[in-house]
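Me: I have a structure open on my screen and would like to talk it through with you. Could you look at it with me, starting with how the helices pack?

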Amino acid sequence: MRKSILKKGISIALICASITSLVGCSSISYLSPFDSKQSSLFSLKRGEDLYVSNSLASDLCVILDEDKFNSNDIQATGAGLFNITSKETLYSKNAFMKLAPASLTKIMTALVALKYGNLEDEVTVGNEVVITEPDAWLCKIAPGDTFTLEQLINAMLVYSGNDMAAAIAVHISGSISEFTKLMNQEAKALGATGSNFMNPHGLDQEMHYSTVYDMYLIFNECLKYEKFTEMIRQKSYTCTYKSSNGEEITATWRNTNGYFTTDISAPEGVYVVGGKTGNTQNAGRCLVLLSESEQGASYVSVIFNAQDYNMLYEQMNVLLEKIK
């Protein structure tokens, strides 16, 4: 009887929250349409064009009415801007459309590694780091090389090495397939129900997808780890590791973030803390950023499926202009 009353009380509270809140913090469940007429890269079965995502905590930004934002502001397929200080969604376009995330996938990989791994672990990598797909971005490590887990995560986030992501997956779970199960488990636990990960690095693969809003949820969770923020704010990363023959090798990898390579400038009054890039043939150009305003507020901004490098950063700056 008490459980029945409690459930009724929760239901009433959720209904009230949906009426009184347009955009901001909430713990409600909401339905988000997937527009199959738009340029999604995936064919979904009939009946899968709606999915339910739960805001599992009261400190999350939510999107209840995407039509209030001008979709013409952004030409990329998907975009979002979230004030994580005030818990407001400042912009959203196709935030629930399932799209290839490219190397934004590595944000989820980092989250799983930080949650379940020991950063001091020594990891001797195996054949999983031999990736032969054309144009795969690699740190060019070899089977038998030994790193700490912390070194692998740093290189993966800064330089976006697909080989580093594969090594992390095998170390944490024993195989890539088992690691992706853990990725999907953790994503669903966050309410990121529009995502399905088939690999730890983001190379194009059938049924490997995420959404703008899910990536916000995942990135926002990563920010709870101080190490993650330290890693993504580096302009380059240098480490010394052991090769398979025991030789010590020092390598430096430069950040792939255009705001850190000095050729891209953020709008005046906006400071880019760090983020993660992504780029594959199917995904186009993708980017997630953590930024701060002059007033000290923090923001997560997301772009999915921009046509090229220049468009990606032009579009991101359109989002960052909305911070003012």
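Me: At what angle do helix α2 and helix α4 pack?

Reply: In this predicted model, helix α2, which covers residues 105-116, packs against helix α4, residues 162-173, at an angle of about 35°, and the two axes lie 10 Å apart.

Me: Is the crossing of α2 and α4 left-handed or right-handed?

Reply: The crossing of α2 and α4 is left-handed. On the α2 side the contact is made by Lys-106, Thr-109, Val-112, Ala-113 and Tyr-116, while α4 contributes Asn-162, Ala-165, Ile-168 and Ile-172.

Me: And how do the residues of that contact divide into nonpolar, polar and charged?

Reply: The residues in the contact of α2 with α4 comprise 6 nonpolar, 2 polar and 1 charged.

Me: What does Phe-179 touch, leaving aside its neighbours in sequence?

Reply: Not counting residues up to four places away in sequence, Phe-179 touches Thr-109, Val-112, Ala-169, Ile-172, Ser-173 and Pro-200. Thr-109 and Val-112 are among the α2 residues that make the contact with α4, and Ile-172 is one of the α4 residues in that contact. Phe-179 itself lies in helix α5.

Me: Does Phe-179 count as buried or exposed?

Reply: Phe-179 counts as buried, because its relative accessibility is 0%, and the cut-off for buried is under 20%. As for spacing, the C-alpha atoms of Phe-179 and Ile-168 are separated by 9.0 Å, with the two residues 11 apart along the chain.

Me: Switching to charges, how many salt bridges does the structure hold?

Reply: The structure holds 6 salt bridges. In general, side chains of opposite charge can pair when their charged atoms come close. One of the salt bridges here is formed by Glu-186 with Lys-115, whose closest N and O atoms are 2.7 Å apart.

Me: Where in the chain do those two partners, Glu-186 and Lys-115, sit?

Reply: Glu-186 is in helix α5, residues 176-189, and Lys-115 is in helix α2, so the pair links distant parts of the chain, 71 residues apart. Glu-186 counts as buried at 8% relative accessibility, whereas Lys-115, with a relative accessible area of 43%, is partly exposed.

Me: What about Glu-178, which partner does it form a salt bridge with?

Reply: Glu-178 forms a salt bridge with Lys-181, and the closest N and O atoms of this pair are 3.0 Å apart. The two residues are separated by about one helical turn, because they are 3 residues apart in helix α5. Glu-178 counts as partly exposed at 37% relative accessibility, while Lys-181, at 53%, counts as exposed.

Technical notes: Residues are numbered from 1 along each chain as its sequence is written. This is a predicted model: local features need pLDDT of at least 70, side-chain atom pairs count only at pLDDT 80 or more; totals for chains, interfaces and linings use all residues. Side-chain values use heavy atoms; hydrogens and water are left out. Axes are lines fitted to C-alpha atoms, for helices over the stretch in contact, and angles run from 0 to 180 degrees between N-to-C directions. Helices (H or I, at least four residues) and strands (E, at least two) are DSSP runs, numbered from the N terminus. A crossing is left-handed if the near helix is turned anticlockwise from the far one by less than a right angle, and right-handed if clockwise. Contact means heavy atoms within 4.5 Å. Ala, Val, Leu, Ile, Met, Phe, Trp, Tyr, Cys and Pro count as nonpolar, Asp, Glu, Lys and Arg as charged, and the others, Gly among them, as polar. A salt bridge is a side-chain nitrogen of Lys or Arg within 4 Å of a carboxyl oxygen of Asp or Glu. Buried means under 20% relative accessible area, exposed over 50%, partly exposed in between (1.4 Å probe, protein chains only).
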